[in-house]
2 protein chains.
Amino acid sequence: MNKLITALAAGLLSAGVASAQQALFGAQPLVSPQINADGTVTFRYTNPKAIKVEVTGDFLPTRKVTFNNFSMDAPGMAEMTQNKKGVWEYTTSEAVKPEMYTYTFVVNGTSTIDPSNMWVNRDVASLTSVLLVPGSSNDTPNLYAIHNVPHGSVSKVWYHSDEEGINRRLSVYTPAGYFDKANASKRYPVVYILHGIGGDEDAWLTQGRAAQILDNLIASGKAEPMIAVFTNGNIAMEAAPLENSQNYTIPTMALPKTMDGTFEPTFVPEVVKFIDTHFRTIAKKQDRAICGLSMGGFHSLYIAINNPDSFNYVGMFSAAIGTGSENKATSDVYKNLYQKVDAFFAKKPALWYIGIGKADFLYAANKDFRAKLDAAGHPYHYTETEGGHIWRNWRIYLSEYLPMLFK
Amino acid sequence: MNKLITALAAGLLSAGVASAQQALFGAQPLVSPQINADGTVTFRYTNPKAIKVEVTGDFLPTRKVTFNNFSMDAPGMAEMTQNKKGVWEYTTSEAVKPEMYTYTFVVNGTSTIDPSNMWVNRDVASLTSVLLVPGSSNDTPNLYAIHNVPHGSVSKVWYHSDEEGINRRLSVYTPAGYFDKANASKRYPVVYILHGIGGDEDAWLTQGRAAQILDNLIASGKAEPMIAVFTNGNIAMEAAPLENSQNYTIPTMALPKTMDGTFEPTFVPEVVKFIDTHFRTIAKKQDRAICGLSMGGFHSLYIAINNPDSFNYVGMFSAAIGTGSENKATSDVYKNLYQKVDAFFAKKPALWYIGIGKADFLYAANKDFRAKLDAAGHPYHYTETEGGHIWRNWRIYLSEYLPMLFK
């Protein structure tokens, strides 16, 4: 046996990878997920003595579930069956539409990621396996595939929040060429892209594929070269879990100061100021945009209207408006909403974008909001898609929003 | 029920997280791993109908395993037992020494990460769960904990390799203050930190905790502020798996051009040149260091001695020398090793560092190498630790090496 392979084996075994043997010593590793020639997808899982194994994910038709009298859509679930070798398998009955999905296996009732699939996403404190069905150049995944184009840089950068008295992390996308000497004095417009509740400064870059979307839109000339900034909207958090000085603290839904009007007032004086003094931005309203999904859409709305001279473009993707948070907060941030909206539109912003899915539980609240804009005669762009409160919609809204900026 | 929570539930369910209900609706989520007051650690796993559940990881005493007549150390394995509620549990018999460990569960013979632990590491194409036992300020984990100190930035940056004709990614750590206007003309020394076989430009930043080690050493004044660059030593790869234009290709051990003399000649003309033209480096031998673990130690050796005017500091951590790769390669890079070593030392480098564990299977090869340096009268620093070819040693070597640089 080659000494190098021995070396590797030792290294891997030392690292605690019990399955390394299989990968290294010739046994065929299990392939899962496998996209078949006919477009169906096969999932596989080895656990010969399991009683019941299911797969659940958003590639399956949704099913209705009920909690506390609320009915909502949940991802479908399918039973896997054991083949002759004892491997649990499930093949979809139809070709799976090209898209980026997430799924887990449910083994005797316990959820687990697919051990054969190294592609794992973290959302809040939950891990899911990723299924990407790439499709052709006409399909959605083409928007966020990694193509052979110039790539921007993604930096994790820390700023100090005087308001909170802590160091906080944000992610910054700088377009291809930003660090080239030839561009040393070139300045760029900036879009701030905000995550939903439970997410953090990583969410748009992992599930949202924002860096790939930006790379591809900029390379094709559809979007202007721009800086994109991904904040952590949980103002009491320093950074994504496990990357902050709490080290081992796992986040829960009950994060303090999440939608109580604390984050929004710090945005322009702390975040925008930090970016404008540490990156080569064009520090003007004309060259500044903001957008966000769910809680991030809510944040974008209130940050924009409370700072009518700061943002020329606003995007609300499945915005979490009308949830009651506005009424509970004691902050002034949420007061006089439509008065502030009128004042904002009086300054003639270049774009107000609203995107939502027909099945989104926030559909009605967004419809009410649009009715107010209509009644006041404020112009906005509106995109309505199928589906609900899901990443596949948010990637589409972002892909549509970015080319509208800074033209 | 609060509408916001409903919103969240819908979002999570749509994302395919079957276990979200539990986390959201009051049931106590399973805690695993749990560090107990007496320093023991408890692991938990729910799978009532499993027949046998084990935990394996490097926190347990190693066991000997044999492959093809090679005997080597593998992480220990312990059986978990089912408690009255059907939850599988294992509590270590003794307090676990403060350290960062990796582990997996083996359920009916199938390896899986711990579903209750969101901290997952990827090594090659394998995922493991992480156990961090933080300890006190005297313990090793203190070196790489995230403390409340100024943090550097970590950027993922792409350069073009003319030699390979592809875009390739590297990671760049810039110290706290790098992007401050006050430092706009400040230049920094650079250390290149290379990964082992199977790793990539992420490995030192995840399992290696290099950014935290740098932050802490710089903040305490033990190390000089410096730029650190983490290359991808697999020259035919664009970037870490799932982040390159192959999108779905999972790496195997059989990567082409890994230790055949192709990477080393491109290092100074492509990587160093890119860094020196895109970051504010001090572009001089006196302010340039290189080091690496295993394959990266091998690369560091040959890159340094083939470029005797480029690096003033060299670090070999468990370097993969004497594995036979040198003899098989047709490249000139590996020829006349000791002649080149003599020529390198004739130029009086500031530091040659060798670190290795007593149980490392590369111990003998490194001992032979040291004997050659001794015979030639070449000075070097030597650190010998317990244990083998493992990350906990490499984090220690890096923590020792960095303070020796640029003084």
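The report below turns to a sheet, then to a pair of helices, and then to a single helix in another chain. The model is a predicted one.

In chain A, four strands make an open sheet in the order β1-β2-β8-β7, and their pairing is antiparallel. Because β1 (34–35) and β7 (81–82) of chain A each have a single partner strand, they stand at the edges, and one side of each is left without a neighbour in the sheet. The pairing of β1(A) with strand β2 (residues 41–46) of chain A is antiparallel and runs over two bridges, and within β2(A) it is A:V41 that stands opposite A:I35.

Two packed helices are described by the angle between their axes and the distance between the axes. For helix α7 (residues 295–306) and helix α9 (residues 337–346) of chain A, the axes come within 9 Å and cross at roughly 65°, and the crossing is left-handed. The residues that make this contact are set out by helix in the table.

| Helix | Residues in the contact |
|---|---|
| α7(A) | A:A304, A:I305, A:N306 |
| α9(A) | A:K340, A:V341, A:F344 |

By class, the contact of α7(A) with α9(A) holds four nonpolar residues, one polar residue and one charged residue.

In chain B, helix α10 (residues 363–376) has 14 residues, which at 1.5 Å a residue should span 20 Å, and this agrees with its end C-alpha atoms, which are 20 Å apart. Just after α10(B) comes B:G377, which takes a positive phi of about 75°.

Terms used. Residues numbered from 1 in each chain as written. Chains lettered and ligands numbered in written order. Predicted model: local features only at pLDDT ≥ 70, side-chain atom pairs only at ≥ 80, totals over all residues. Expected span 1.5 Å × (residues − 1). Pairing = 2+ DSSP bridges. Axes fitted to C-alpha atoms, helices over the stretch in contact; angles between N-to-C directions. Left-handed = near helix turned anticlockwise from the far one by under 90°. Contact = placed C-beta atoms within 7 Å. Nonpolar A, V, L, I, M, F, W, Y, C, P; charged D, E, K, R; others polar.
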